Amino acid sequence: MAALLLSPLLSSQSFPANSFDQKDLNNEVIIAANWQQHSGEYAAYFYQSFNSATDQLEAILKRIPESKKPAIITDIDDTLISGTPYFTSMVDTNESRSIERSRFWWNHQEAEALPGSVDFLKKANSLGIEIFYISGRFNDVKAITINKLKQLGYPVSSENHVILQEERNVTLSKEDKRQHIIKAGYHPIMLFGDQLEDLGEVDKGLYPEKKKWVSQHQDKLGTQWFILPNTVYGFWEEAISKDYRTLSPEEKHRVRIQEVNDKELPVPVPESYWQHIIMADLWIRKSADFNATALQTYNLASKALEAPENRHANNPAIVVDIDGTLIDYPPFHLAPPLCKTFTEPEEKMRNYEKQLEATSIPGAREFLNKAAALGYEIFYLTAREHSSGRSGHKGDVESLTLKQLVYNGFPKVTRTNLLNRSKYCPVNKKSCDKEHQRKAITSGRINGKKYDVRLFVGDLLDDFDLKEKGLSPFDRASVEKTKSFYGRRYFIIPNPVNKTWMWHYYSGVAGKDICRLSEQERSEIRKSLIEDWPEKDLYKSVQHQDLLTFR
């Protein structure tokens, strides 16, 4: 968190009437924040990361030189402790990030531990691994930071294991801090963070250079390095444009909107929906951090393929989703946007055809080719339709999907292995949910073989067999009940722009189909879900006073 909070141009700025101001910029985070604060998918990714790291600890320790002391180095904010309320508390206000606000936040935040993190670090500590916490937090909040970590259950062996900014808040890079730990005789076995800078000395430059850096180090993801998704803020923001940090709110908005704008959208996008989704859309389309999370997921899934209990099962199979899991669908998630539909089959088919331009998700092709080489059957399970509805073109969407999968180099692509929403449905139903196709795989309906599905990969909880377990794939509580599965049987690609999740969650909150509401009503629901910072009003009451009293 601290990196962006230390920006030299943090104060609110005034703009002429009708211009884009700080409030508008703050509201671009709404859908990203909704996903992080409420989705089961966000929690599932954390369990996936910490479960996988836990499973590797003992084997790694056996390889550590006797002269070295094993250590784990972890970031704090939005890696262990949720920091998103700091940002969401500024929604619908003209307030902006500042040094004073940050200091007040660290002194007063009602923090909660993020899923899986406490148990993992306790396990590591019990094995004799030293835990170091490094952060951009200011050194004058060190005591309260240590107390908060201990209160939440994190093992803190000494204050020397919590490394913040030096005295007088001199900025020290995280790489410098890591080197300080190494020089003290420690051997870092794992690094954790929500920013690429938490993992290594990242190449400077814009996002293409950072994506190249991630690709060069991809083998470390899921073994030595573990990245957690942060769609709300991060260094990735600055990498979308040269001199981004020095831009005014209006200039930042212009840069952001230029990056997400698709002039060929066949239907208009509601203004508030477009604004609220910008940060989520930018993260998945324009950040190297997204690439890192996807590569980490596929690295972990590839490792699971090699497990004897998976590889030697009778008729082993994997089930993978397509859109957002294998195929990158932005900006097509905006076409149509939430609660809009294509009224004409020709229009619908043109949108599907545009998706042929989409590239594959990083790591997907390598994972599937490895699965095929190891003898797994692969089933492509998708919510796509069988046909567009055009007269005389039955199965046109299926044919296009097969073409797209082959074009991207995925193995075992056949009509039999591609299961869309019209296949194996109950009698008299032309379309059905994915549990019916999953049951067909395991029951022998497809080709007489009863497959043992060992791994599921998707970007939505509905891509896993939760319904077969009597659980709702749209309830975050289901993740808690299946938390041991993530990173072992279930593998998730983070996707904050998934419209299926949005529709189910927002409709549940509204108590009715959200698409029956006006766009203004939907906008208000999205904003109402923002988790506020309880001490925000206290901060407002003292922000004109000398905040040094809170140091």
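## Core and helix packing at a glance

Start with Ile72: setting aside neighbours within four places in sequence, Ile72 is in contact with Leu57, Phe120, Leu121, Ala124, Ile129, Glu130, Ile131, Phe132, Ile189, Met190 and Phe192. Bear in mind that this is a predicted model. The largest nonpolar core has 151 residues, and Ile72 and Tyr380 are the ones that touch the most other members. In soluble globular proteins, nonpolar side chains tend to be buried together.

**α3 against α21**
- Helix α3 (residues 30–38) packs on helix α21 (residues 499–510) at about 75°, and the axes are 12 Å apart.
- That angle makes α3 roughly perpendicular to α21.
- On the α3 side, the contact uses Ile31, Asn34, Trp35 and His38, while α21 brings Trp501, Met502, Tyr505 and Tyr506.
- Sorted by class, this contact of α3 with α21 has 6 nonpolar residues, 2 polar and no charged.

**α14 against α17**
- Helix α14 (residues 288–305) and helix α17 (residues 364–373) pack at about 5°, with axes 9 Å apart.
- The two helices, α14 and α17, are therefore roughly parallel.
- Here Tyr298, Ala301, Ser302 and Leu305 of α14 meet Ala364, Phe367, Lys370 and Ala371 of α17.
- The α14 contact with α17 comes out as 6 nonpolar, 1 polar and 1 charged residues.

**Helix α12**
- With 12 residues (249–260), α12 reaches 17 Å from first C-alpha to last, close to the expected 16 Å.
- Its buried residues are Pro249, Glu250, Lys252, His253, Val255, Arg256, Glu259 and Val260.
- The cover over the buried residues of α12 includes α2 (22–26), α10 (207–216), α11 (235–238) and α13 (271–286).

Methods. Residues are numbered from 1 along each chain as its sequence is written. This is a predicted model: local features need pLDDT of at least 70, side-chain atom pairs count only at pLDDT 80 or more; totals for chains, interfaces and linings use all residues. Side-chain values use heavy atoms; hydrogens and water are left out. A nonpolar core is a set of buried Ala, Val, Leu, Ile, Met, Phe, Trp, Tyr and Cys residues joined through side-chain atoms within 4.5 Å. Buried means under 20% relative accessible area, exposed over 50%, partly exposed in between (1.4 Å probe, protein chains only). Contact means heavy atoms within 4.5 Å. Axes are lines fitted to C-alpha atoms, for helices over the stretch in contact, and angles run from 0 to 180 degrees between N-to-C directions. Helices (H or I, at least four residues) and strands (E, at least two) are DSSP runs, numbered from the N terminus. Angles under 35 degrees count as roughly parallel, over 145 as roughly antiparallel, 65 to 115 as roughly perpendicular and the rest as oblique. Ala, Val, Leu, Ile, Met, Phe, Trp, Tyr, Cys and Pro count as nonpolar, Asp, Glu, Lys and Arg as charged, and the others, Gly among them, as polar. The expected span of a helix is 1.5 Å times one less than its number of residues.
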